[in-house]
Number of protein chains: 2
Amino acid sequence: MAKELTPRSENYSQWYNDLVTKADLAENSAVRGSMVIKPYGYAIWEKMQQVLDGMFKETGHQNAYFPLFIPKSFFSKEASHVEGFAKECAVVTHYRLKADEKLGIIVDPDAKLEEELIVRPTSETIIWDTYRRWVQSYRDLPILINQWANVVRWEMRTRLFLRTAEFLWQEGHTAHATEREAIAEAEQMLRVYATFAREYMAMPVLTGVKSPNERFAGAVETYCIEALMQDGKALQAGTSHFLGQNFAKAFDVKFVNKENTQEYVWATSWGVSTRLIGALIMAHSDDNGLVLPPRLAPIQVVIVPIFKKEEEFAAITERVQEVMKELRKRGITVKYDDRDTHKPGFKFAEWEMKGVPVRLAIGPRDLEKGTVEVARRDTLEKETLQFIHIAEKIEHLLEKIQENIYQKAFDYREQNTFKADNWEDFKTKIEAGGFVLAHWDGTTETEIRIKEETKATIRVIADNIAPETGKCVYSGNESKRRVVFAKAY
Amino acid sequence: MAKELTPRSENYSQWYNDLVTKADLAENSAVRGSMVIKPYGYAIWEKMQQVLDGMFKETGHQNAYFPLFIPKSFFSKEASHVEGFAKECAVVTHYRLKADEKLGIIVDPDAKLEEELIVRPTSETIIWDTYRRWVQSYRDLPILINQWANVVRWEMRTRLFLRTAEFLWQEGHTAHATEREAIAEAEQMLRVYATFAREYMAMPVLTGVKSPNERFAGAVETYCIEALMQDGKALQAGTSHFLGQNFAKAFDVKFVNKENTQEYVWATSWGVSTRLIGALIMAHSDDNGLVLPPRLAPIQVVIVPIFKKEEEFAAITERVQEVMKELRKRGITVKYDDRDTHKPGFKFAEWEMKGVPVRLAIGPRDLEKGTVEVARRDTLEKETLQFIHIAEKIEHLLEKIQENIYQKAFDYREQNTFKADNWEDFKTKIEAGGFVLAHWDGTTETEIRIKEETKATIRVIADNIAPETGKCVYSGNESKRRVVFAKAY
């Protein structure tokens, strides 16, 4: 078949690119580093959006929309922020084209902007400039806002979903009267992300904080969820930042507190992006294609009729209509693949490639016997079931698949998490892939050296790793706890 | 009260600006022409999106996402398209900032793009460049795709929602094997827009086609829905374009048809934007604030407790919980305004300003008598109702309000639609405001002259105006039908 993927064992990176293309998720566009998200890929994003949006609203947030463009001067106001983003900013300098006799359509030199505009790489600066107008008193706080938007970070080496110049995301930006409340918010949103990763993406994640060197540009503390991909590389799947009063000071956002004195406002921001689709692919999929957790699958069940004669097709279709009705009653998304242009074998392979969790096949014999063939995408197992109570059985099967996918990813992570207690061992284990738990002396200098020598970074100072004293695997200096190292996307 | 609006009769334009600000819908940002859509305004947009998205999916469309940036050369490929948009394009020329000792943060001159990128004002060009890769055979057609996105059109004179440099919209882009099918699609989407305007926005619209001079840049035919605002000006609320083979030819998108010969693909595009929120405001609102049709109101019912003592508040709240539960069962969105920081009078005015369709007030006497005070936002009428079956009564009232708002807007339009049969009469009627039905000789020359002399444009060649012969109101030449003139937003 034309649709075969490069096996993961042969070339993981090529397997990923093949899969994104052949499962119709996305493709590169004519604009360097910008992707086209195709309908099937976008449908997964819509499912993610729907769930996350509900979780944000349940925790008291509202959506709003802020400008795409940010005046250059705003960027300079928070020193570490501009340092973090300056190298990857798309800059708008003109606002008009014109026809030129010789050169065709050119940028009109007379339409140069007085101040250049940055296409947002993230919106802290424009949002805090706005919050200044919204906040006078503690009564105006908290502000709990989220935005669904596109952002641009000019990347030299891009990968579909994982690293693209333009990507889609949500960014929460909240303002609080107290430090404690802001920290609680940042921690709450991390929990929301972790819950989403585990319960919907079926992806186990470590939670914790970043080392100072890996913090968001402008943050006091960066919380993150970190997942392990099937090739042993880590992927940062979501971050939540406690920003202290940094942006409030940069944009002069003060409020009068209950004691009637002026104070700077406390801030958080938090985001996840279409990168999650990359994580979803790499966490679960196999050499036959995408494997989707049922809760995020745009199509949960596909039904393929097997027939030779028109009468058979009609009888099967009648049966299928009943099944579909029952499935839909239970909120299950089902597609009947009744195309007459393709054979069943082709359809099976196509829906496998697209990761549909459950496939039903119904032929004339099934009608006679009152049965249906049920195939699971996660294990590729098939069984023949009685029609009776079929919707209930499938609902139950979808839950089992969701759990199984999670368990498989969890087991993989457990089997690929190692301790390393000396430098040689550390290097060997990092090279082999997986999470490596090692002691670190707490200095950025050591962290940078380790990265230079092994390409590994500190992914997370994880909540679930208890403090223990030891010696830094690189410097031999005192260490209070193991942190999680890995090579990462 | 601080929240009073300039009356419409005094200064309609100021009334509009006051309302947008005071109902917390949107505000200007630090970026010229770009607005901040505040949570309450955005919630209206979310309701619109939800309904429209459902209607698009029901008619077979899927969502996808295409790049924000368009290479400049793409723009030049369709001659009338570039002519239409060249004057309002934001242009990205650089991809990096850097620190300069003297000047601070500057655009890095070494990071100049080889080819400038246009921030999409609309996406025909980048999408048709993509469709070329997707279409080989008639089996690949139709492509029925919609995108929810931000676009930028550099405007010199901006107005919140009505005309902003950046705005949010949806843009449908479809590809078809036959001219007939593409025309049917463009017409279908116009009907979808008209249905949405009437049934959800409670806004009567004329449907029809634009004159050649008012067509979309690159279209063969532009269909539109056109509404009349309360100040007698017209507003184009949505357009659907039959693009012929213009973009297929510009981007070389051909397919092999059933007869095995190559042919260019046929195209449509169609869109509505956050401009609809401006239309919604101007169609229904009054000097007390926003009037929202229940079907698009983020909050449909607000409940205000009236009490002096804490025990009264507790008893009222208990009753309110019951009512809310019943209302929510019916899918009605309800808010209990139990803030202790504001008095009932303030709350009444605030929810009036925000256009909540129904307000309930409950005091100790209501508890005794088993009653509730019900106030309608559209008519400002109050009545006292028995608690019994209250949810059912309110559900019915919301329907009545939806109908009444539509009827009021419909009556207004009927009363402000005039025929004019000579030039003096035409000028007087255009000046007074409203739709003016007049004969036109069909030439762009006449259309332009009329615009120069009166500022009126042909809004729509309306479906519901039967052909009749007559003399052009300007040139006196033969005319086959009356068309709809007005001054417009």
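Which domains does the domain assignment of chain A give? Domain 1 (12-70 + 122-284), domain 2 (296-400) and domain 3 (417-486). These bounds come from an automatic or database domain assignment.

A word on the model before I go on. This is a predicted model: local features need pLDDT of at least 70, side-chain atom pairs count only at pLDDT 80 or more, and totals for chains, interfaces and linings use all residues. Residues are numbered from 1 along each chain as its sequence is written, while chains are lettered from A and ligands numbered from 1 in the order in which they are written.

Let's stay with the domains of chain A. The centres of domain 1 and domain 2 of chain A, taken over C-alpha atoms, are 38 Å apart. Their contact takes ten residues from domain 1 of chain A and five residues from domain 2 of chain A. By contact I mean that the C-beta atoms of two residues, placed from the backbone, lie within 7 Å. On the domain 1 side, helix 2 (residues 39-58) of chain A gives the most, with five residues. Helices here are DSSP runs of H or I with at least four residues, strands are runs of E with at least two, and both are numbered from the N terminus. By class, that side of domain 1 of chain A has eight nonpolar, no polar and two charged residues. Ala, Val, Leu, Ile, Met, Phe, Trp, Tyr, Cys and Pro count as nonpolar; Asp, Glu, Lys and Arg count as charged; the others, Gly among them, count as polar.

Now the two chains together. 52 residues of chain B are in contact with 52 residues of chain A. Which element gives the most on the chain B side? Strand 5 (residues 91-94) of chain B, with four residues. That side of chain B divides into 31 nonpolar, eleven polar and ten charged residues.

Look at strand 5 in both chains. Strand 5 of chain A and strand 5 of chain B pair in the antiparallel sense, over three bridges. Strands pair if DSSP finds at least two bridges between them. Val92(A) has Val92(B) as its bridge partner.

Next, the symmetry. Two copies of a chain are related by a rotation about an axis and a shift along it. Here a rotation of 180 degrees, with 0.0 Å of shift along its axis, superposes chain B on chain A, with an RMSD of 0.0 Å. That is the relation of a two-fold axis. The superposition is by least squares, on the C-alpha atoms of residues with pLDDT of at least 70 in both copies. Val92(B) is the residue of chain B that comes closest to the rotation axis, with its C-alpha at 2.1 Å. And 100% of the interface residues of chain B are also interface residues in chain A, so the copies meet through the same surface.

On to helix 6 (residues 179-199) of chain B. At 1.5 Å a residue, its 21 residues should span 30 Å, and its end C-alpha atoms are 30 Å apart, which agrees. The expected span is 1.5 Å times one less than the number of residues. Buried residues of this helix include Ala182(B), Glu185(B), Met189(B) and Phe196(B). Buried means 20 or more other C-beta atoms within 10 Å of the residue's own; exposed means 12 or fewer; partly exposed is in between, with C-beta atoms placed from the backbone. What do the buried residues of helix 6 of chain B pack against? Among the elements are helix 2 (39-58), strand 10 (166-176) and strand 13 (234-244) of chain B.

Strand 9 (residues 143-152) of chain B is mostly covered, with seven of its ten residues buried. Strand 9 pairs with strand 3 (residues 62-63) of chain B in the parallel sense, over two bridges. There, Asn63(B) stands opposite Asn146(B). Strand 9 of chain B also pairs with strand 10 of chain B, in the antiparallel sense, over ten bridges. Gln147(B) has Glu171(B) as its bridge partner in strand 10.

Last, some backbone exceptions. Most residues other than glycine have a negative phi, and most peptide bonds are trans. The bond joining Leu141(B) and Pro142(B) is cis, with omega about -5 degrees. Pro142(B) sits in the loop between helix 5 (124-134) and strand 9 of chain B. Asn260(B) has a positive phi, near 65 degrees. With 8 C-beta neighbours inside 10 Å, Asn260(B) counts as exposed.
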